[in-house]
Amino acid sequence: MAQTDASTLPSSVGFIGLGLMGKPMVENLAKKLPQGSRIHVHDVVTSVVDELCAAHPDTIIRGTSARDVTEKADVIFTMLPEGRHVKTVFLDPDTGILPGLLSSPSSAGKVVIDSSTIDTATSLHVKDQLAASSPQTSFYDAPVSGGVLGAVKGTIAFFLGASHRDTNVPRLVPLLQLMGGKVIPCGGPSLGLAAKLSNNYLSGIITIATSEAMDMGMRAGIDADVLASVFAAGTAQNAICDTFCPVPRVCPDAPSSKGYKGGFRVQLMRKDFGLALDMARRVGSRNILGAPGFGVYSAASDAPDCKDLDSRVVFRYIGGNENWKKRDSEQVD
């Protein structure tokens, strides 16, 4: 990652949505923004706001609403669960971002970045509403990949809905890199979301395939860690198995090794998978594995022993052996 040019960074940042992803993103900003910077935050869960303000009293400031945060910040981030939340936060006539832009003494040059993973139609609708009422404001979709672990470590990737020729990109990239690693301009409005949904569709399919392949090899008598090392050395190598292995105790930091707690909830994978399939239908893509994959995540989301856990819990859903014991067999190099 290139060294950040502090001269391009805003002195006042807003962040709305402090959930499992948003909270660590704000913490990275608080640690890495230049001294004297201010982060105005808001979330409907006041306890998380209390926690952040107590941890960074000189940097993080409580906002009373999305509108309040928008009025006080130069660059505003949103990280929200679904499209309906994005619509409300942006367009509510009393407390939303749009009225905050309209009431700001100087909204010229303000940038709003939505890092939520939502449908492309909602993102374009919000962008159009902002463009019609506050044309001097720049709006970008910039969903992220890397999960909660990546958000905590500051290694998430941003898929920016902008052309690499966009004049704002040179000043946005250093700011985004305070929270993550790669920043990839994807071409234009909503294309960051299109990239993210394509990525999550593939990630979801790989998770199911990895769970099945691990289960198959383990039932044949191979230790889980040996099997993972085989995949890493062969053509089956993938980031899910390497970093987020669905089998407990193969990757110590993976949610599977912590009772599938934390990580990317299986209900969110169902949501993103469904959004990806909706996009595929709109653009005419044939997704052969889409329907069965969505069926797995839907069923796992409703299963009492899988609901609210990390999406890699599909290994449990298919009946994988979570309590495997290491054998005395020779290890694979």
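Reader: How do you know that strand E8 and E9 pair, and in which sense do they do so?

Author: In this predicted model, strand E8 (residues 156–160) and E9 are joined over 4 bridges in the parallel sense, and since pairing asks for at least two bridges, the two strands count as paired. Within this pair, Phe-158 stands opposite Val-183 in E9.

Reader: What makes E7 and E9 the edges of their sheet?

Author: The sheet is open, with 3 strands in the order E7-E8-E9 and mixed pairing. Strand E7 (144–145) and strand E9 (180–185) each have a single partner strand, so one side of each is left without a neighbour in the sheet. Helix H9 (residues 191–219) lies across E7 and E8, and runs at about 135 degrees to E8.

Reader: What makes E5 and E6 a pair, and which unit do they make with helix H6?

Author: Strand E5 (residues 111–114) and strand E6 (residues 138–141) share 4 bridges in the parallel sense, where at least two are required, and Val-112 stands opposite Phe-139 in E6. Together with helix H6 (residues 120–133), E5 and E6 make a right-handed β-α-β unit.

Reader: Why does Leu-227 count as buried?

Author: Its relative accessibility is 5%, and buried means under 20%, so Leu-227 counts as buried. Leu-227 belongs to helix H10 (residues 224–233) and, leaving aside residues up to four places away in sequence, touches Ala-213, Met-214, Gly-217, Met-218 and Ile-222.

Key: Residues numbered from 1 in each chain as written. Predicted model: local features only at pLDDT ≥ 70, side-chain atom pairs only at ≥ 80, totals over all residues. Heavy atoms only, no water. Buried < 20%, exposed > 50% of the residue type's maximum accessible area, 1.4 Å probe, protein only. Contact = heavy atoms within 4.5 Å. Axes fitted to C-alpha atoms, helices over the stretch in contact; angles between N-to-C directions. Right-handed = clockwise from strand over helix to strand, strands pointing away.
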